[in-house]
Amino acid sequence: MSETVASGRLPSHADLDTIAASGRGAAQCADYLRAVLVSFGTLPVRDEYLAAVERHLTRTLVRHPEYTELLKPYVRWSVLPRARRRAARAARTSGRARWAYTRVNCAVAFLTHLAGLGLSLPEATQQHVDQWLAEGPGTRYELRDFLVWTARHGHGPGFACAAPR
């Protein structure tokens, strides 16, 4: 980024996102600089909560590249569109990002659990789902969203899963 500023070009949201991806301290600095540039009208306003969901997906896929084929389309075609609709109806809050993070994290945790059993999603049974849900916190029921999406798109069998509590 120093090359960007040295050349007389101010950083873009993409430049700042690249910096933010390098670590927590860098992310805080990049977010501060972004807020300053946006407040002065140098950068356009954007929905930072939706951008945070995109960054979370990117970080998750770096840690779990084996789930890219399922997670990327799930987030792009299910989680993000609903987050955008919610943003259009209500004020911007960090709760929207947490809502999306929980869905992504539940999907990863369940897929990791299945992999630990030597199974893929199409090989899983209702018993695997029920056992995983019963052994964890109530937030695990957010998995329902992922399971409905995978069944609708032919990535796995249809499972019965109670709505989140």
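This is a predicted model: local features need pLDDT of at least 70, side-chain atom pairs count only at pLDDT 80 or more; totals for chains, interfaces and linings use all residues.
A residue is called buried when its relative accessible area is under 20%, exposed when that area is over 50%, and partly exposed in between, using a 1.4 Å probe and protein chains only. Residues are numbered from 1 along each chain as its sequence is written, and side-chain values use heavy atoms, with hydrogens and water left out.

**Overall build**
- The protein has 8 helices and 0 strands, where helices (H or I, at least four residues) and strands (E, at least two) are DSSP runs numbered from the N terminus.
- Its C-alpha atoms fill a box of roughly 60 × 35 × 25 Å along the principal axes.
- Among contacts (heavy atoms within 4.5 Å) with a separation of 6 or more, 55% join residues 24 or more positions apart.

**Charges**
- There are 22 positive and 14 negative side chains, with Lys and Arg counted as positive, Asp and Glu as negative, and His and the chain ends not counted.
- The centres of the two sets lie 7 Å apart, each charge being placed at NZ of Lys, CZ of Arg, CG of Asp or CD of Glu.

**A look at T42**
- You can find T42 in the loop between α3 (24-39) and α4 (48-63).
- T42 is partly exposed, with a relative accessible area of 37%.
- Beyond its neighbours within four places in sequence, T42 is in contact with L10 and L37.
- T42 and V62 are 20 residues apart in sequence and 31 Å apart in space, C-alpha to C-alpha.
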